[in-house]
Amino acid sequence: MEEKSAKGLSREEIGYLRRKKAAKAVFPIFRFIILFGLGFVILYPLIYMISCAFRERGDMNDPTVMWIPRHFTLDVMKETLDAMGFPQTLFTTLFLNVGSSLMQVISCAVTGYGFARFKFKGQKLLFGIVIMMILVPPQVIALPLYSQFRNFGIGGFTVNLIDTALTMYLPAITANGIRAGLMILIFRQFFKGLPKEIEDAAYIDGCGAFRTFVQVMVPNASAAFLTVFLFSVVWYWNDYYVSATFFTDTRTISLMLRNLDTELKQKLFGTISAEISPREQIVWKEAGCLISITPLLILYVCLQKHFIEGIERSGIVG
Amino acid sequence: MMSKKNNRNKPPRLSYEKRKALYGYGFISIWLVGTISFFLVPLLTSFIWSFCDVTIDTGNTNLKWVGLNNFEHSLMVDPKYTDCLKQTLLETLWKTPLIVIFSLFIAVILNQKFKGRTFARAVFFLPVIIATGPVYAVISGDIKSTGNTEAAQFSTMFSTNMVGELLQFLGIYGLSDNMEAMISAVSDNIFSIVWASGVQILLFLAALQTIPSSAREAAQLEGATAWEYFWKITFPYVSPFILVNFIFTVIDSFTNPTNPVMKRILALRDDWQFGNISAMAWLYFGIILTAIGIVTFAANKMIYYETE
C-alpha cells in the first residue's frame, strides 16, 4: 500500500488495479472451464465414434464397457468398409464430389474477381442475383433442375443427363453448384481487399486482364483459395441432397452412409429384414461415420493452420 | 485478306474504362451462362409450377393452370404442412438469437491470447466440416432417417436417461416430469447450438480481427473494464456481422434437409406432386425472405459502419 501511494495513486486507481489483478487471476480458470466443457460437447461424438468402431458388437451390451472396448477388433471396420463398397465408393466420391468442388473453386474465383475489380453496367443487378443464389434454398429449384437435366438441350434435340457426372460438373464449372453464391461472395470480398497497385502495374506493362488475374492476383489470394477450397470440398463431400436428386444408383460416401443399414444387413446377414438390436447396430453406424469423416479430418488438420490464418487475413469480413 | 490485316493493325479504340468493363463481362460470363440455365430458369419454372397442376410422363411435363389451388391445398388441405411450418418457424425463432449470442461469446473468448488457443479454435471450427453432412444426422441422434429410432438415445450425449440418473445421483428424487423434460431439452439444445455455430464463430472471429489496435489501446488508457470494452468497442465493430450471422443462421436452419418442412417436401417429392411441392417451397421461401427483409431493415438503422 505504502509503495503504491508513494507512486501517487489515488484510492480509486488502486481499486481499479486490484480489480484488474483479480480478474486476471480468475478469468483464465473460468475461460478454461467453458472452453473445456463446450469443446467436450464437440469432441464427444468423435471420441464415441472411435471407441465404438473398434469394439465387438457384444461389447455394446456389456455394462462395464463405457469408453475402452473389452474386445478390440478391426472386423467391424472391415465389414463396414465392405458394405459401403470401398474403394469403389471412394473413387466415385473423389471423381464426382471432389472433382466438381475443385472446378467450382476456380469458377467462383474468376467470377468473384470479375465482380470485385471491374465496373460494368448492370453490376448491381447481377450481384443481386448472387445474393439470391445464397438465399434461395436448393430445394426450391431442385425439381425443375431435375426435369431440365432429364431433357437437356435446345429445341428438338435433347439428351438425358440424369445419372451422368455432368449434372454435378456443369453447375460447378459455371459457378452455380452447391453454395456457389457464398463462395463468389467470399472471393469478391477478398479480391476487393487486395491493393489495386499491383494490378495496375501489370496492366501498364501490357499484361492482359486474364493473365494479370492468373499471374498476379491468384498467387496473392492463396489464403482465400485455401479457405474456399476447404469449404467447397466439405460441402460437396457432405452433400447427399443434390446427388440423391440427380443420381438413381450412384454411390458416394454420403449416400452410402445414409443407406448403411440396409446395405449392412444384406451384406452381413443376407437379408434386409435381419433383426439386430439397435444397440449393436451402433457399432457399424459409428464405424461408417468414422470412415466418411476421416478424409475430411485429415484435410482439416493439414490445412487448419492456414485456414485460420486465411480467415483472419482475408477480407471475408470486408 | 488485305482488309483483315488492316483491321488487325488498327485495334478498336476503346477507352480504358470501356475495355475494363468488357473484361468484367468476360470474367463473369461463365457464371452468367450458368446462372441463367441452372438458377434463374429453374427458379422461374418452379414459380410457374406452383400455379399449375404438373404431371410428368415419359420426358414431357404437362402443365395445367390451376391458379392459387396449390397454395390453398398446402395451407388448408395438407394434413402436415402447416404443423411442420409452425414447428420450423418456432424453432428458428428462438434458436437463431441463441446461436448468434453464443457464437459471439465464443469468438470473443477465442480471440484472446492463451495457451492452446490454436487447438481450441480447431475444435470449435470442427462442426463446420461435419455438421452439413449425414454424419451429423447420426451423431445428433436423428436416426429416424435410417430406420431405427431406438438407437437415438444411445447416440446423443445428453440422453434423458443420463440427466435422470444425474438427478438421482444428486439425491433429487420425485421432481416433476416437467422439470426433467425441461432440463433435458436445454441440455439437448446445448448440443445442437454448439454444433450449429461453427461458421458463425468463424465469421465473428474474422470480424474481431478488424478492430484496430488503436481502439484497444485507447480503451486501456481510459481504464475501461472488460464489460465496457465489449459494449463500447467490440459490439459496434462486430455489429454488421451480427446481421450477417443472423441471416446465415436463418438460412442454414431453413435449408437444412432435416427440418420438418424440408422433410415434408422431400416426402411429397417421392409422390411426384410437383405442383404442390413448388407451392410449399415458395410459401416457405416467401416467409424466409420476408423475415430476413424485416430484420435487415430494422438492423440497418442500428448498425455501425466504419466506412461508407
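Colleague: How many Å should the 14 residues of helix α8 (residues 180-193) of chain A span?

Modeller: Helices here are DSSP runs of H or I, at least four residues, numbered from the N terminus. The expected span is 1.5 Å times one less than the number of residues. For α8 of chain A that gives 20 Å, and its end C-alpha atoms are 20 Å apart, which agrees. This is a predicted model: local features need pLDDT of at least 70, side-chain atom pairs count only at pLDDT 80 or more, and totals for chains, interfaces and linings use all residues. Residues are numbered from 1 along each chain as its sequence is written, while chains are lettered from A and ligands numbered from 1 in the order in which they are written.

Colleague: Is α8(A) mostly covered or uncovered?

Modeller: Count neighbours. A residue is buried if 20 or more other C-beta atoms, placed from the backbone, lie within 10 Å of its own. In α8(A), eleven of the 14 residues are buried, so the helix is mostly covered. Among them are A:M183, A:F187 and A:R188. The buried residues pack against α4 (88-117), α5 (123-135), α10 (209-220) and α11 (222-238) of chain A.

Colleague: What does A:M183 touch?

Modeller: Contact means C-beta atoms, placed from the backbone, within 7 Å. Leaving out residues up to four places away in sequence, A:M183 touches A:Q104, A:C108, A:V228, A:F231 and A:S232.

Colleague: Which chain B helix gives the largest share of the side that touches chain A?

Modeller: In total, 75 residues of chain B contact 71 residues of chain A. Helix α2 (residues 16-49) of chain B gives the largest share of chain B's side, 19 residues.

Note on methods
Two residues are in contact if their C-beta atoms, placed from the backbone, lie within 7 Å. Helices (H or I, at least four residues) and strands (E, at least two) are DSSP runs, numbered from the N terminus. A residue is buried if 20 or more other C-beta atoms lie within 10 Å of its own, exposed if 12 or fewer, and partly exposed in between; C-beta atoms are placed from the backbone.
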